[in-house]
Every structure is written in C-alpha cells, then in structure tokens.
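Me: I have a protein model open and I'm new to it. Could you walk me through how to read it?

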Amino acid sequence: MGVATASIGSKSLTEYGLSFNGGNDKNGFHISAQAEETDGIDATSIVTGGNDDRDGFEETAFSLGAKVTFSDLTVANLSVLYSDASVDFDNTFGSDTGFITDNKTLSSALNITSRIAQNLSWSTTLGINEEEADTTSSFPSLFKTERNSLGTEIQLDLKRDNILT
C-alpha cells in the first residue's frame, strides 16, 4: 500500500511525502520519504535586525523499517532513519550574508531475537548513530557525534511453580 501527501502554506511552505508498506503477520516493510521547504521560520524583521523573515528551512528525510521472521523461533527487525536539513538565520546586526546550519542525522538499529527454549530468549541489537551540524556564520562551528552500540540480553521467564537448582 502506498500514500502520497502534499501541502502548501505561508512563507512559501511546501511539504511532500511518499510512503509504501506491505507484508503479512511474519514479514513486513515500511519505507517513506519526506521533504519540506519554507522561506521563513522566525519573527525577525528589518526593524529588529536580519532580513525580514526570509530565514529558510529545508529538510529531506527517509525512513525504512523491516521485519523478517526466519522461523517460529527467530525474528529480525531493522530500523533506519536519515535526515538532511538546512536552516538559514539572521546576523544579529541586521546584515544577512547567508548564515546557515546544515544538519545530517543517521540512526539505525538491527535487532535479532531468538527463543532458545520455552522460557528462554536471547536478543541482540546493533545500533549506529551519527549526527553532524555545520554552521557557517561569524562564529562557524562543526559538531560531529558518532555512537555505535552492541547490546545483548538473555531473558528467562519464571513462573510460580519454577524451581531453580
């Protein structure tokens, strides 16, 4: 099944989206893409400084999700999110020379869960997260953050009548 969206608004706002999903009770997927663009997102004016509220914002985002059932005992889930955005902003002193912050974000996770026995399961998750913010202004900056993770969990389900020896 697929869905397409589009909208317009003030300050030259345009938004578009497209998504598809499908599957059954054992396997499935979802994929989407969105875009947004506007010419004005703040309240500054020529009187207060800046460029009369023409500070634009642009973003493109993608997401992917999937579930795969390998057997009655093992299931894998994948999630990936990506965003690329750009924000224009005013100089405090009233002159705008194209000050911009570009942001890129990636977040992904893969989880595999297996039932080892009737009351015992094992789950492992691999995660990758990256973010970058690059600002071009009178005081330029570049921030990069990366985090990779690997986690595992063993779950033992106990009932009142279980006895541990």
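Predicted model: local features only at pLDDT ≥ 70, side-chain atom pairs only at ≥ 80, totals over all residues.

Me: How many helices and strands does the protein have?

Reply: Helices (H or I, at least four residues) and strands (E, at least two) are DSSP runs, numbered from the N terminus. Here you get 0 helices and 8 strands. Read from the N terminus, the order is β-β-β-β-β-β-β-β.

Me: Which strands pair, and in what sense does S1 run against S2?

Reply: Two strands pair if DSSP finds at least two bridges between them. Strand S1 (residues 2-9) and strand S2 (residues 13-23) run antiparallel, joined by 8 bridges. One place to look is Gly-9, whose bridge partner in S2 is Leu-13. These two strands make a hairpin with 3 residues between them, and Lys-11 in that turn has a positive phi of about 55°.

Then S2 pairs with strand S3 (residues 28-38), again in the antiparallel sense, over 10 bridges. Tyr-16, for example, has Ala-35 in S3 as its bridge partner. The hairpin from S2 to S3 goes through 4 residues.

Me: What share of the residues is buried?

Reply: Buried means under 20% relative accessible area, exposed over 50%, and partly exposed in between (1.4 Å probe, protein chains only). Of the 165 residues, 19% count as buried. For the surface as a whole, accessible areas come from the Shrake-Rupley method with a 1.4 Å probe, and for residues only the protein chains shown count as cover. The protein exposes about 11400 Å², with carbon and sulfur atoms supplying 59% of that.

Me: Which residues make the nonpolar surface patch?

Reply: Patches are made of residues with over 30% relative accessible area and no salt bridge; like charges are joined within 9 Å, and nonpolar side chains (Val, Leu, Ile, Met, Phe, Trp, Tyr) within 5 Å. The one here covers about 910 Å², and its members include Leu-18, Phe-29, Leu-64, Leu-110 and Ile-128. S2, S3, strand S6 (99-117) and strand S7 (120-136) each supply at least two of its residues. Ile-128 sits in S7 and is partly exposed, at 31% relative accessibility.

As a general idea for reading such strands, side chains in a regular strand alternate between the two faces of the sheet.

Me: Is Ser-123 buried or exposed?

Reply: Ser-123, also in S7, is buried, with a relative accessible area of 17%. To see what surrounds a residue, look for contacts, meaning heavy atoms within 4.5 Å. Leaving aside neighbours within four places in sequence, Ser-123 touches Asn-111, Ile-112, Thr-113, Gly-151, Thr-152 and Glu-153.

A polar contact is a pair of N or O atoms within 3.5 Å; within protein, one must be able to donate a hydrogen and the other to accept it, and residues adjacent in sequence count only if both atoms are side-chain atoms. The side chains of Ser-123 and Thr-113 make one at 3.3 Å.

Me: Where does Ser-71 lie, and what does its side chain reach?

Reply: Ser-71 is in the loop between S4 and S5, and its side chain reaches the backbone nitrogen of Thr-74 at 3.2 Å. Ser-71 is partly exposed, at 32%. Phe-70, in the loop between strand S4 (57-69) and strand S5 (74-89), is exposed at 58% relative accessibility.

Me: How many salt bridges are there?

Reply: A salt bridge is a side-chain nitrogen of Lys or Arg within 4 Å of a carboxyl oxygen of Asp or Glu. The whole structure has 2. In one of them, Lys-26 meets Asp-72 at 3.1 Å, N to O. Lys-26 lies in the loop between S2 and S3 and Asp-72 in the loop between S4 and S5, so the pair ties together parts 46 residues apart in sequence. Lys-26 is partly exposed at 37%, while Asp-72 is exposed at 69%.

Another salt bridge joins Lys-144 and Glu-132 at 3.8 Å, N to O. Lys-144 is in strand S8 (residues 141-156) and Glu-132 in S7, 12 residues apart.

Note on methods
Residues numbered from 1 in each chain as written. Heavy atoms only, no water.
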